[in-house]
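Student: I'm new to this one and would like a close look at a single spot. Take it slowly, please, and then show me what else is worth a look.

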Amino acid sequence: MADPKFPYVKWRDGRPRSSHGAYARALGFVDADLRHPPHDENGRPVGAWFNLQEASDFSDRRRSDIEAARRAGKLPKKITVRKRATIEDLLDDWSKSAEFKALSAASQSSYRKCISAILYRPQTREAAAKMRAEIRAAKLLGVAEPARELEAIATATPTSIGKPELRAFYNYSKSVRGHHMALAMIATLSAAFTWGQESILWRLGPNPREGMEFDHPDGRIVLVAMREFSAWAAATDAIERSSIGDSFYLALFTGQRQTDRLIMRNETDVEGRHAFRQSKTGELIDIKEASQLTTRLNAARARVKSLKLRLQLERVPLELVVNEDNGEPYDESTYRHWVSTARAIAVFGFLARDTVRQAIVRAERLTTELISTVDRLFAPFPLDEENKARRARAVDQRARVLAEWLDAQAARDSNGDDGAWRLKPCPSLMFINGAGELDQKHDQDLRDTCVMLLDRAGCDLLTICDITGHSYRSAQTIVKHYRARNADRADAGIDRLELQVRKEGMKG
């Protein structure tokens with residue numbers, strides 16, 4: 001026997017269920033099983049199913065209710081059908097997909113940073129700060145918030161992106177975002193395209209990234225000298241951001257990544273030991289705590305206790321690095337901001353006559369001035385890629401004019417008086433890298449520095465891995481990048497060479 005047909009009612013295996021079209025649903029009517037009370041914990045009826053007459057009566061009532069809503073002029077909720085057409089749409093769908101959410105938290109965070117870089121044009125720190133202020137004002141006034149300027153690729157369709165377009169975007173990104181970020185952005189686009197091939201929403205064709213080769217920069221191996229570390233850490237204390245200095249000490253004495261330091265908790269109760277778990281590998285690292293680190297962390301704990309009283313917090317987090325503003329662990333964006341600010345203070349110094357705010361404003365102004373001036377400074381020294389000797393001389397000349405510029409700013413602001421400084425400038429935190437470009441020491445360089453110092457202290461490779469958590473499979477990479485740069489070992493080698501040639505018969 002065929003199921004009876006009533007408006008707004010459908011039958012499933014002889015059981016009635018309300019069913020509405022798009023217009024009725026937009027008016028607020030919802031589909032539901034037609035059953036009697038009682039109700040379950042979610043408010044759904046779980047009693048006996050409606051019989052034929054009850055289903056018919058429901059149909060009549062529902063038709064009357066919908067007609068009444070129409071006559072009363074009730075407006076339906078706006079129905080929007082989202083168009084999926086652009087790279088921005090593709091990245092949005094991918095970032096909301098089950099496959100994306102199944103990735104590790106670190107991978108999701110990394111991809112989201114790249115998605116933002118793909119979609120929006122880069123901003124200076126000043127422009128970003130101005131936009132944040134405008135967004136706060138818009139929220140208070142209840143008006144539309146300002147939007148960042150989109151990159152051209154954001155509004156392009158995925159089908160319009162072939163290998164030439166991807167190559168052009170890579171070259172552009174490399175020039176405005178840097179080599180490493182450009183590679184990460186291409187990897188993110190490739191992952192989105194691969195997902196789109198299997199998505200029923202997109203059904204994309206071949207991934208344009210397949211078969212393409214992109215040049216990779218040499219590994220960044222930068223040592224933060226001890227005087228530079230001390231100046232940088234002192235700058236964090238001077239601007240009342242000692243928590244950033246705490247993270248620096250953790251980097252120097254544990255060799256851990258920035259991400260792990262921001263979530264690091266001490267997972268041992270053994271006096272004099274430091275145990276923590278790496279986010280990337282999940283591996284528990286248990287090492288002896290250096291006395292210098294113990295002193296710094298004891299001071300940090302005292303500061304956190306004072307912070308708890310000042311902010312009237314019920315509790316403080318278990319993380320070792322705690323934001324002075326709110327008594328919470330740092331988010332990566334805020335952390336990077338203060339790392340950069342402390343570095344600028346260390347580079348340009350802290351004048352005794354200045355307040356903390358004045359010192360920060362001065363350092364940020366000089367940083368902006370240097371970035372805007374650097375092309376003019378370096379213009380007389382072009383890099384000759386054909387002649388290595390001339391290129392090396394040009395890099396040295398760029399380093400010289402940079403040092404002269406930095407020294408000139410310090411002499412001007414202090415009138416040449418060393419006593420004018422609360423914190424003397426440490427200009428070597430800003431330097432010219434092997435590519436001949438303006439560069440600066442990074443927070444992540446402290447991890448490399450830890451490895452270099454362990455190697456100089458005579459630790460073997462496995463010991464270094466046990467302390468820093470590097471995988472043993474990366475042993476050859478560590479040897480190549482770190483041990484080859486051990487000046488003390490090289491000096492000892494020259495001494496042995498000198499003795500050997502004497503044994504071989506060289507006189508004098």
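Where does Asn415 lie?

Tutor: Asn415 sits in the loop between helix 15 (388-414) and strand 6 (421-423). (Helices, H or I runs of at least four residues, and strands, E runs of at least two, come from DSSP and are numbered from the N terminus.) Before we go on: this is a predicted model, where local features need pLDDT of at least 70 and side-chain atom pairs count only at 80 or more, while totals for chains, interfaces and linings use all residues. Residues are numbered from 1 along each chain as its sequence is written, and side-chain values use heavy atoms, with hydrogens and water left out.

Asn415 has a positive phi of about 55°, although it is not a glycine. Most residues other than glycine have a negative phi. Asn415 counts as exposed because its relative accessibility is 69% (exposed is over 50%, buried under 20%, partly exposed in between, with a 1.4 Å probe and protein chains only).

Now look at Arg203, another non-glycine residue with a positive phi, near 50°. Its loop runs between helix 8 (179-198) and helix 9 (226-238). At 62% relative accessibility, Arg203 counts as exposed.

A loop residue can be hidden as well, and here's one. Leu27 is in the loop between helix 1 (22-26) and helix 2 (52-71), yet Leu27 counts as buried, because its relative accessibility is 2%. Its C-alpha atom is 7.3 Å from that of Lys74, which is 47 residues away along the chain.

Let's go inside. In the largest nonpolar core, which has 62 residues, Ile239, Phe248, Ile345, Phe350 and Leu406 touch the most other members. (Such a core is a set of buried Ala, Val, Leu, Ile, Met, Phe, Trp, Tyr and Cys residues joined through side-chain atoms within 4.5 Å.) Apart from it lies another core, of 29 residues, including Ile118 and Ile186.

Trp232 lies in helix 9 and Phe248 in helix 10 (residues 242-254), so the pair ties together parts 16 residues apart in sequence. Both Trp232 and Phe248 are buried.
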